[in-house]
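Here's a quick tour of a structure for you to follow on screen. Have a look at it first, and then we'll walk through it together.

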Amino acid sequence: MSGYFDAATATPLHPTARAALQAALDDGWADPDRIYREGRRARQLLDGARAAVATALGVAAEEVTFCPSGTTAGHLAVLGTAAARRRTGNRLVVSAVEHSTVLAAARHHDNGGGVTTIVGVDRNGSVDPAAFLDAVSPDTALAVLQSANHEVGTLQPVAQVGAGCKEREVPLFVDAAQSVGHVDLPDGWDLLTASARKWGGPAGVGLLVVRRGTRWRSPWPEDEHEGGRMAGVVPLPLILAAAASLQAREQERQGEAARLTDLVDRIRTEVVRRVPDVEMLGDPERRLPHLVAFSCLYVAGEAIQVALDRAGFSVSSGSSCSSSALTPSHVLEAMGVLTHGNVRVSLHGEVEQADVERFLDVLPGIVEELRRTAGAQGL
Amino acid sequence: MSEAPAHVIDAVGRRCPLPVIDLAKQISEVPVGSVIELLADDPAAAADVPAWCRMRDHEFVGEKARGDATAYLVRRTH
């Protein structure tokens, strides 16, 4: 039972991660770059974790770099490729609905004299592959497209975009933070990033995957760790926990995805049926199994979050009316959908059907009450 | 865009979703076929006014900067 519906931000720690973390705190504390016995033991554990992650992602172990977060990995993917391909061009092509991590890296690139082309999306939040590829000009250093959108769950046409990028000899970076551990990874990318806390691993571990043959160099000062790709010693216990939980997730993934797809379908159908004037967001078919978002007309995002919290449900919101932001979500703006009254529900292994049913039972009353308070009933 | 609005709503200083609620409350004050203007400075209005028009089947005519605020023009269609 769980009313925690924000797995897309952070998923509760997988039991396997907890067990691995406890064991690793005893066994994996030394520096893996030292040659004495404790260092060799740490190196062996780190190599094992890297191999496990590589197997789960279907890549070679030497293509995997451990980073302190998905954000750091994303910044490195963008800036490292831009640095290595400076002679080819200084243009980035990104979708309008990328995670703020990617957009922030692009702004950083632009501040250093680079240029970023932003490609729009349709009302479901999906890029049009032809429109995206039209923007990939010969002076493009890197194209960036998420595997799935973090706010509305729409899967992006990565394979088609990747094939077109390959023809144009432009590398494609895929931010797969919402997909790893949840759905099959798309083909056609050259760089990929992920974040352990989104699949049930601990916070503090991000993944950067750079496929062999991709030009990339660290945009940071030289450092000996992680093959020179990521500065600083690695948090080995966290990495071991992340790798163990990813392996466990991969075992459970198919069955869990089917179960969560059904729960999300139930939410998609029932919210619209029970609550008037709700806009259900994202592609109903091509979507993540565990994530659903909707916007309620005439309701403030923060108010609905607070009311749901009081009823025992933790959700996130892309509305600017939520206290952390003055402007609405760039994802919802780019889609041209209602930005206020926004609710994102993202499920995980501890959520049961009964939790979803209780959510569906309390939501209509909450929305009705907020509309009445705002004097917006019957409009 | 040159058509003068039949009614102007001043929602400057009001945060989302209040400007859209103001619009919904006052749209019936103009005759069908006329334009109503919503003056707002909340950034969410830029996305929410066109979205409201789509959901309520009114015509979003356009927007123009008006000092620090934006004037959103909506034609009542029913």
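Which pattern does chain B follow, read along the sequence? It goes β-α-β-α-β-β, where helices (H or I, at least four residues) and strands (E, at least two) are DSSP runs, numbered from the N terminus.

Keep in mind that this is a predicted model, where local features need pLDDT of at least 70, side-chain atom pairs count only at pLDDT 80 or more, and totals for chains, interfaces and linings use all residues. Residues are numbered from 1 along each chain as its sequence is written, while chains are lettered from A and ligands numbered from 1 in the order in which they are written.

**Chain B**

- Chain B has 2 helices and 4 strands.
- The radius of gyration of chain B is 11 Å, close to the 12 Å that the globule rule gives for 78 residues, so chain B is as compact as a globular protein of that length. That radius is taken over C-alpha atoms, and the globule rule is 2.2 Å times the number of residues to the power 0.38.
- Taken along the principal axes, the C-alpha atoms of chain B fill a box of roughly 30 × 25 × 20 Å.
- Of the 78 residues here, 33% count as buried. A residue is buried if 20 or more other C-beta atoms lie within 10 Å of its own, exposed if 12 or fewer, and partly exposed in between, with C-beta atoms placed from the backbone.
- Ala46(B) is found in helix α2 (residues 45–56) of chain B, and with 17 C-beta neighbours inside 10 Å it counts as partly exposed.
- Look for the peptide bond from Cys16(B) to Pro17(B): it is cis, with omega near 5°. Pro17(B) sits in the loop between β1 (7–10) and α1 (18–26) of chain B.

**Chain A**

- Chain A has 10 helices and 10 strands.
- With 379 residues, a compact globule would have a radius of gyration near 21 Å, and chain A agrees, with 21 Å.
- The C-alpha trace of chain A spans about 70 × 50 × 35 Å along its principal axes.
- Of the 379 residues of chain A, 52% count as buried.
- Among contacts in chain A with a separation of 6 or more, 71% come from residues 24 or more positions apart. Two residues are in contact if their C-beta atoms, placed from the backbone, lie within 7 Å.

**Two helices against α7 of chain A**

- The axes of helix α2 (residues 37–57) of chain A and helix α7 (residues 236–274) of chain A come within 9 Å and cross at roughly 30°. That makes α2(A) roughly parallel to α7(A).
- Axes are lines fitted to C-alpha atoms, for helices over the stretch in contact, and angles run from 0 to 180 degrees between N-to-C directions. Angles under 35 degrees count as roughly parallel, over 145 as roughly antiparallel, 65 to 115 as roughly perpendicular and the rest as oblique.
- Residues of α2(A) that meet α7(A) include Ala42(A), Leu45(A) and Leu46(A).
- Helix α1 (residues 15–27) of chain A packs against α7(A) at an angle of about 150°, with the axes 8 Å apart. α1(A) and α7(A) are therefore roughly antiparallel to each other.

**Around α8 of chain A**

- Which residues are buried in helix α8 (residues 301–310) of chain A? They are Gly301(A), Ala303(A), Ile304(A), Gln305(A) and Leu308(A).
- The buried residues of α8(A) pack against β9 (291–296), β10 (342–346) and α10 (353–373) of chain A.
- After α8(A) comes Gly312(A), whose phi is positive, near 100°.
- Tyr298(A) lies in the loop between β9 and α8 of chain A. Its phi is positive, about 70°, although Tyr298(A) is not a glycine.

**Buried or exposed?**

- Tyr298(A) is buried, with 23 other C-beta atoms within 10 Å.
- Glu169(A) is exposed, with 10 other C-beta atoms within 10 Å. Glu169(A) lies in the loop between α6 (158–167) and β5 (172–175) of chain A, and its phi is near 55°, a positive value in a residue other than glycine.

**Where the chains meet**

- 22 residues of chain A are in contact with 14 residues of chain B.
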